[in-house]
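Look over the structure before reading on.

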Amino acid sequence: MMPDTTMPATPMQALAACDLKTQDLTSFAAFVAQCQQALAADCRLISLFGRSALPNEPAGVIVTAVLLPPGQSLRVLRGHATPGQSYPSLTARFPAAQIFERELWEQTGLVPEGHPWLKPVRFEGARQGQMGSYPFFKVRGAEVHEVGVGPIHAGVIEPGHFRFMCHGEQVQHLEIQLGYQHRGVEALLLKKAPERLTPLVESIVGDSAVAYAWAFSNALESLAHQSVGLATLTSRAVGLELERLAMHLATLNGLATDIAYLQAAATYGRLRTAIINASQRACGNRFGRGWIRPGAAVPIGDTLRQDLLATLRAFLPDFQQVNGLMQSSRSVKARFQGVGSVSLQAARDLGLTGVVARASGLSLDLRHALPGSVYGRHPLPPITQASGDCWARMCQRMQEAQSSTHWLLDRLADPALRLGDAPDPYAPQTQPFNWTLQANALCISLVEGVRGPVMLALETDADGRLVHAKVQDPSSANWFGLAFALRQQQISDFPICNKSFDLSYCGNDL
């Protein structure tokens, strides 16, 4: 397979590749101390996960932390813990670590002493039968009552239980219990040849298929030392921005529907149909499945380029008009402004990410922080809001969608970008293939999806076979933010707060 015109590697890319033969494992105490020092120095904790030691390793757990220092590249720390070892919880000082430490405890048995909220995340393994005894937080008082919603919901919504503790109509506390689906995604990624895994990866979170496929392909290409050219990378970015645009339209549709603004809801629905139909004409699937494969992406020739340009040019005026109607409506303002507010400090403390973090003023977008070749050469303007309420999250989505549209129009209208040169994922010369992966290596790959950073981490053994896969959706960090946003709100505010966050159930229930 001949790659298209290659791009030089960019140091500020959302990728970290580690040669494990040259990286010593630190003691667990030293590992925790390093994490504490990094977080105290304002590094962002991207992930913290572990796996059981391999037969050729000391018994216990191998723990990995992925950190993003301000203005620098990704940093990876690795340590070794003995079975059942305890350690001083990071969460007590750095609340953003809470979900990672809970998952690490659930999956490996490592105990974060002093963790204020040590509850199961997914009820994995032996804990599956304990969901009925989940220790819900209690608010006591003569006039306090509880309202349970789910786990079974109407329509096609996936299972999740919401327990509201209310005083009258005011929510004192919301607890969200997920973990009803046990799909075993990470284990499934080790059962097939790596180059045949992309269809499975695309199904992890179906509305983020492009983001997941790109993150996976990046990791596999890095482990196989396969270069990818500018046309391929740009085609992937086009698919990703179309996916972002379609999802923002779906959320705006839902927000308009939840407040019975049916004119706007119908318009957003119509516009989303135009965008996802364009994706289908490009790759054969409305949700972008098949757009990306390892080493390849949909070639955007002149005919498809003009098709996409015409679609986006027709889309933009109508999108701007309906946004204007939403933003000028007194009813919309009355319903959204001041509802479900999350302050900048709270967003930072809780480790929120993606749209919901930026709507609270936290400027974190991997397309800016770790832009790589495409976004480095063709940057998007950073966008944030200040109020952190439902109104801010609505406006953030409107502005990000409009920014993505302008970016797509600029790229597709640029004759210097030979997007038709990308290797076709389904051409005979690109399928099938058999890459040799680097032995004893770990690759952390991140892509800024519609909800925030999608992460896939792949690790190989001494024979170059995949021995561990870690999947992380941005929703896992943001569910606690939704619960926080409901405090002191009316229970009737839940639908619009929930839709303004628009998180993924299956992104949590892996």
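Q: At what angle do helix α8 and helix α14 pack?
A: This is a predicted model, in which local features need pLDDT of at least 70, side-chain atom pairs count only at pLDDT 80 or more, and totals for chains, interfaces and linings use all residues. Residues are numbered from 1 along each chain as its sequence is written, and side-chain values use heavy atoms, without hydrogens and water. Helices here are DSSP runs of H or I with at least four residues, strands are E runs of at least two, and both are numbered from the N terminus. With axes (lines fitted to C-alpha atoms, for helices over the stretch in contact; angles run from 0 to 180 degrees between N-to-C directions) lying 10 Å apart, α8 (residues 302–328) and α14 (residues 390–412) pack at about 155°.

Q: Why is α8 described as roughly antiparallel to α14?
A: Angles over 145 degrees count as roughly antiparallel. The α8 and α14 pair packs at about 155°. That angle makes α8 roughly antiparallel to α14.

Q: Is the crossing of α8 and α14 left-handed or right-handed?
A: A crossing is left-handed if the near helix is turned anticlockwise from the far one by less than a right angle, and right-handed if clockwise. For α8 and α14, the crossing is left-handed.

Q: How far apart are the axes of α6 and α14?
A: Helix α6 (residues 230–258) packs on α14 at about 150°, so the two are roughly antiparallel. Their crossing is left-handed. The axes are 9 Å apart.

Q: Which buried residues does α2 have?
A: Buried means under 20% relative accessible area (1.4 Å probe, protein chains only). Ten of the eleven residues of α2 (residues 98–108) are buried, so this helix is largely enclosed by the rest of the structure. The buried ones are Q98, I99, F100, E101, R102, E103, L104, W105, E106 and T108.

Q: Which residue just after α2 takes a positive phi?
A: The buried residues of α2 pack against β3, β4, β6, β7, β15 and α15. Just past this helix, a phi of about 85° belongs to G109.

Q: How many disulfides does the structure hold?
A: A disulfide is a pair of cysteine sulfur atoms within 2.5 Å. The sulfur of C43 is 9.9 Å from its closest cysteine sulfur, in C35, too far for a bond. The sulfur of C443 is 8.1 Å from its closest, in C18, also too far. The number of disulfides is zero.

Terms used
Parallel < 35°, antiparallel > 145°, perpendicular 65-115°, else oblique. Buried < 20%, exposed > 50% of the residue type's maximum accessible area, 1.4 Å probe, protein only. Contact = heavy atoms within 4.5 Å.
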